[in-house]
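Try each task yourself before you read its solution.

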Amino acid sequence: MTNRDHGEVMIEVDHLTRHYGPAPALQEISFRAYRGEIVGFLGPNGAGKTTTMRILTGYLPPTSGRAFVAGHDVVTDSMAARRSVGYLPETTPLYPEMTVWNYLDFMARLHGVRDRDTAIERAMSRVDLNDRADQQIGRLSKGLRQRVGIAQAVLHDPPVIILDEPTIGLDPRQIREVRSLIEELRGDHTVILSTHILPEAQQVCDRVLIINRGRLVAEDTPDHLTSRLSGGQRVRLSTAPEIAAAGVRAALGAVTGVAEVSDVGPGIYHVDLEAGLDARPELARAVVAQNWPLLELVPVGMSLEDIFLELTRDAVDDGVDVDSYDEVVSLGEGDLAADDNQDEEVNLDG
Amino acid sequence: MANLLTITRREIGAFFGSPIFWVLATAFMVFSGFVFSIIVTRPGAQADMLPLLGLYGTVLLFVAPLMSMRLLAEEQRSGTLELLMTSPVDDWQVVWGKWLGALFMLGVIIALTLFHVAVMLRLATEGIDVGPLAGSYLGLVLLGAALLAIGVLTSSVTQNQVVAGFLAIMAVLILWFLPLGEQVFGSDSALGSTLGYLGLSDHYFNFGQGLIDSRDVVYMLSLIAGSLFLATRILESRRWR
């Protein structure tokens, strides 16, 4: 069990399933997000990220299961749930003929914001748009439009902000800007963002949910995911490039505690060790015993990208039951399950 | 209610900013001004606005669908509908708010023809019978409102404005010419009289008689409410598919 003493549960998703026609887009997904957290949805296109977000924002109803935003059921108490969410859909929804100010004023009215001028000015300064108030949205660059979209999502100061692929289609500098905007939201808001850019999730998110084919296949902090999923340790070992790779692989593979050896470059090998065994001294001895030079022997972590590819590839390639990852990965299974005092925990209004 | 008016306000702003409104308003004024000048300058002309208003109604059959085709189709295409439907606003408020905005703009166009009335009042030596004139204008506004509601309905079923506009014009023309069925089947047959009642044109022309029949008003209002109700249900159904 990880220690999840983050306090208030802001998003509670309980065995959510959604079908489009007979095809399941989302199957039995359960998770929680806490106040002040940035949670990343990671997954290939069509994995169910957008569907999950649309259910949370009240755009789509679930086929079965329940979801709560700030304690409000998204189906039975939809209006209250919608009021608690700021949402930026994947296709940044803007009216090109409006000015930035008029657009934000329109959205502020729809959300029933009392002091609209203050709210709009605050939102615009958060995304650094102050000098663009009177510009027509249709004439803004894509990066600026994305900022208008984010301003719209934070306008009514909602406890939960949901951003669907907020950096898609932006150039690298704009991506960095949007990322730092998202990081500034940390603490005050619970942020859920979806992405298929792995470094983005690694950099911005406190926690990552990997979704594949409508199922939650992994859930943890980026760091934990990296260490947990690789099971054991991975070591990079370098020797002289002219030594035949097959011979090196055989010699290293014979060492006790080595799970797999793969060559990744001339004279460079990745050695995956079995969990709990530090076989580095034996590896060093094995190399020296052959009279090969040992140039490098360092532990490397598996990147989130490796993990992501591994998880999603397995599920696609041979239909491995992705649930089997739950044991390894999902550390919070106990508190995700529908337990008896769930309703009390979810009800934040009381 | 505040949300509905917020939607209406934005829609009115969008109309003023869009070329289609100015093109339609200009075309309508050029056409009606042209016809008006012919009618008042022909020999033996009478100070009678009613034939003109009948004509304006038939022009609306095309103007209103072209005004309303954008309303929901564009929101669906650009993704802004998702924004509206995830805001704390009821679906029906989106539909009625947009319709109300379009109605306001159509009202502006209709109001411009009051200029013709002013000229007519100046020219008429024996005065003008105000009753039928007021009735005709009420009929014109109700007709426009009904046509726009049909346009909102067709605009809810597609992302494509052109398709929405085309469907609306087709639907409107079919409704307009339904009374022809009365002539085909005979007004004493059940089918004939039903077609006659369902037809749009007869109800509209009744308003020009100077007698406001509640049946005509009810017909127009039901057409409006029915179309907008269906449009709302169609929007809602997008959530459930």
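**Exercise 1.** Find in which sense strand 3 and strand 8 of chain A pair, and over how many bridges.

*Solution.* Start with the rule: helices (H or I, at least four residues) and strands (E, at least two) are DSSP runs numbered from the N terminus, and two strands pair if DSSP finds at least two bridges between them. Strand 3 (residues 38–42) and strand 8 (residues 190–195) of chain A have five bridges and pair in the parallel sense. Next, look across from Val39(A): Ile192(A) in strand 8 of chain A stands opposite.

This is a predicted model, where local features need pLDDT of at least 70, side-chain atom pairs count only at pLDDT 80 or more, and totals for chains, interfaces and linings use all residues. Residues are numbered from 1 along each chain as its sequence is written, while chains are lettered from A and ligands numbered from 1 in the order in which they are written.

**Exercise 2.** Work out the strand order of the open sheet of six strands in chain A, and name its edge strands.

*Solution.* Reading across, the order is 6-7-8-3-9-10, with mixed pairing. Strand 6 (85–88) and strand 10 (215–220) of chain A each pair on one side only, so by definition two strands with at least two DSSP bridges are what to look for on that side.

**Exercise 3.** Decide whether Ile168(A) is buried, partly exposed or exposed.

*Solution.* First locate Ile168(A): the loop between strand 7 (160–164) and helix 6 (172–185) of chain A. Then apply the cut-offs: buried means 20 or more other C-beta atoms within 10 Å of the residue's own, exposed means 12 or fewer, and partly exposed is in between, with C-beta atoms placed from the backbone. Ile168(A) is partly exposed because it has 17 C-beta neighbours inside 10 Å.
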